[in-house]
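Hi,

Here is the structure I promised to pass on to you. Have it open while you read, and my notes on what turned up in it follow just below.

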Amino acid sequence: MKLHADRAEGVNIINAYTNESISINGQPHVGSVIVPPTGTPVAWGPASLEDLTEAHFAQLVALQPEVVIFGSGTRLRFAPPALLGALMKARIGIETMDTPAACRTYNILVGEGRRVVAALLTTT
């Protein structure tokens, strides 16, 4: 699905997504990806929910967001709470939704100037 949003200067916007890739600022990224509000999107290690570890969520803390939008793939699935310790310790909120909804929500929040990071899985 293609998304159409105005792009504020220097802000990362998700333009489109499929089950295999996510287009950020017009550049396709195959596989899981971390999308910060500014700067370069980063390939994210886990290929699926079962591959997630505490270290994957600890990686997000360094970006210092106020909230992480976690896209769990093509369907809504929650990460095990035991993996979220680093985010909770840093008092960073996390919202879980399927990846298409996470892409849309990220765009809304970043467009409002929020310090949001999207952590997106592209598979189930």
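Start with strand 2 and strand 3: they run antiparallel and are joined by 4 bridges. (Keep in mind throughout that this is a predicted model.) If you want a spot to look at, find I22, which stands opposite H29 in strand 3.

These strands belong to an open sheet of 3 strands, in the order 1-2-3, with antiparallel pairing. Strand 1 and strand 3 (27–30) are the edge strands, as each of them pairs on one side only. On average, and ignoring direction, neighbouring strands in this sheet are turned by 25° against each other. What packs on the sheet? That's helix 3, which touches strand 1 and strand 2. The direction of helix 3 makes about 170° with that of strand 1.

Next, the nonpolar cores. The largest one has 20 residues, and those touching the most other members are I14, I22, V35, I69, Y106, V116 and L120. Two or more residues each come from strand 1 (14–17), strand 2 (21–24), strand 4 (33–35), strand 6, helix 3 (99–111) and strand 8 (116–120). Which element gives the most to this core? Helix 3 does, with 6 residues.

Another core, of 16 residues, lies apart from the largest one, and V68, F70, L83 and L121 are among its members.

F70 brings me to the rings. How many aromatic pairs does the structure hold? There are 3. In one of them, the rings of W44 and F70 have centres 6.3 Å apart and planes at 80°; planes over 60 degrees apart count as edge-to-face, so this pair is edge-to-face. W44 sits in the loop between strand 5 (42–43) and helix 1 (54–61), while F70 is in strand 6 (residues 67–71), so the pair ties together parts that are 26 residues apart in sequence.

Are these two buried or exposed? W44 has 4% relative accessibility and counts as buried; F70, at 0%, counts as buried too.

F70 also pairs with F57: their ring centres are 5.7 Å apart and their planes at 65°, so this pair is edge-to-face. It links distant parts of the chain, with F57 in helix 1 and F70 in strand 6, 13 residues apart. F57 is buried as well. Put together, ring pairs link W44, F57 and F70 into a cluster.

Notes
Residues are numbered from 1 along each chain as its sequence is written. This is a predicted model: local features need pLDDT of at least 70, side-chain atom pairs count only at pLDDT 80 or more; totals for chains, interfaces and linings use all residues. Side-chain values use heavy atoms; hydrogens and water are left out. Rings of Phe, Tyr and Trp (its six-membered ring) pair if their centres lie within 6.5 Å; planes under 30 degrees apart count as stacked, over 60 as edge-to-face and the rest as tilted. Buried means under 20% relative accessible area, exposed over 50%, partly exposed in between (1.4 Å probe, protein chains only). A nonpolar core is a set of buried Ala, Val, Leu, Ile, Met, Phe, Trp, Tyr and Cys residues joined through side-chain atoms within 4.5 Å. Two strands pair if DSSP finds at least two bridges between them. Axes are lines fitted to C-alpha atoms, for helices over the stretch in contact, and angles run from 0 to 180 degrees between N-to-C directions. Contact means heavy atoms within 4.5 Å.
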